[in-house]
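This report is meant for a reader who has not seen the structure before. It begins with one residue and its partners, then moves on to the chain as a whole.

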Amino acid sequence: MGVEKVAVGVAAALVAGQAAYAVAKGPSALLRPPGAQTEADFVARCVKCGKCQQACPYQAIQIAGAGEGAAAGTPYVDARRQACRMCEDFPCVAVCPTQALRDVASRADVDMGYAVINENTCIAFKGMRCEVCYRVCPLIDRAISVQFGSLEGDSIHAQFAPVIDREQCTGCGLCVERCVISDPDVPIRIVSKAEQQAKGK
């Protein structure tokens, strides 16, 4: 067997292996840039050109690696590393050649997902005054508000707990990026649209 045939066989095996991995892994739950619709629609339209990544002035858009199976090469946002700033002119949407990102004229149109808080690890629920996620939210008092209350079993400290309005939250992830807690985990995360769709919510 010639070297060329061996190379072709190896390449075919790699492609088959990636396809099998993608099927086993299931749909991606990556946090997509503003303007992505359903995950199926996005993956079908995205040509992996990287123009949205190049257009992002904050370098918030990353490119998925081979470990993401069929989603490899597509853009996503790692909110902890660098959240989406929801630019006024949405350059990532404007530059998309296939309308994989579309229908975003203002921040009110952005729907990347919504934030959820783990009350067991968020220090605000333990009586410590924080409010970082609340203060950095671009939709302060709309997407995130603070609820004042007493702390069970504690007559000294009060609780200033952040509350997420899922209908108002855009899923930009700025709260995740700025959260002061990382050990054992960041207490706030974004449930992406893809994750919602995978769970049927």
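In this predicted model, Arg129 has a relative accessible area of 55%, and because exposed means over 50%, the residue counts as exposed. Its side chain meets that of Glu131 in a salt bridge, with 2.6 Å from N to O. Glu131 is at 10% relative accessibility and counts as buried, because the limit for buried is under 20%.

Arg85 lies over the face of Tyr58, at 5.5 Å from the centre of the ring. As for pairs between aromatic rings, a search of the whole structure finds one.

Side chains of opposite charge can pair when their charged atoms come close. The structure holds ten salt bridges.

| Salt bridge | N to O distance |
|---|---|
| Arg129 and Glu131 | 2.6 Å |
| Arg102 and Asp41 | 2.8 Å |
| Asp103 and Arg102 | 3.8 Å |

Arg102 forms a salt bridge with Asp41, the closest N and O atoms being 2.8 Å apart. Arg102 has another partner in Asp103, where the closest N and O atoms are 3.8 Å apart. Asp103 is exposed, with a relative accessible area of 58%. Through shared partners, salt bridges join Asp41, Arg45, Arg102 and Asp103 into one network.

Glu195 is in helix H7 (residues 193-199). Is Glu195 buried or exposed? At 13% relative accessibility, it counts as buried. Leaving aside neighbours within four places in sequence, Glu195 is in contact with Ala29, Arg189 and Ile190.

Ala70 is in the loop between strand S1 (61-63) and strand S2 (75-77). Its relative accessibility is 52%, so Ala70 counts as exposed. From C-alpha to C-alpha, Ala70 and Val43 are 8.6 Å apart in space, and they are 27 residues apart in sequence.

The chain as a whole has seven helices and six strands. Read along the sequence, they follow the pattern α-α-α-β-β-α-β-α-β-β-α-β-α. Of the 201 residues, 42% count as buried. Among contacts with a separation of 6 or more, residues 24 or more positions apart account for 66%. The chain exposes about 11300 Å², and carbon and sulfur atoms supply 52% of that area.

How confident is the prediction, and what is the average pLDDT of the chain? The average is 87, and 86% of the residues score at least 70. Over residues 10-26, the pLDDT is below 50. Beyond near neighbours in sequence, this stretch has seven contacts in the model.

How values were computed. Residues numbered from 1 in each chain as written. Predicted model: local features only at pLDDT ≥ 70, side-chain atom pairs only at ≥ 80, totals over all residues. Heavy atoms only, no water. Helix = DSSP H or I, 4+ residues; strand = E, 2+ residues; numbered from the N terminus. Buried < 20%, exposed > 50% of the residue type's maximum accessible area, 1.4 Å probe, protein only. Contact = heavy atoms within 4.5 Å. Areas by Shrake-Rupley, 256 points an atom, 1.4 Å probe, with all protein chains shown as cover. pLDDT = per-residue confidence, 0-100. Phe/Tyr/Trp six-rings, centres within 6.5 Å; stacked < 30°, edge-to-face > 60°. Lys NZ or Arg CZ within 6 Å of the ring centre and 35° of its normal. Salt bridge = Lys/Arg side-chain N within 4 Å of Asp/Glu carboxyl O.
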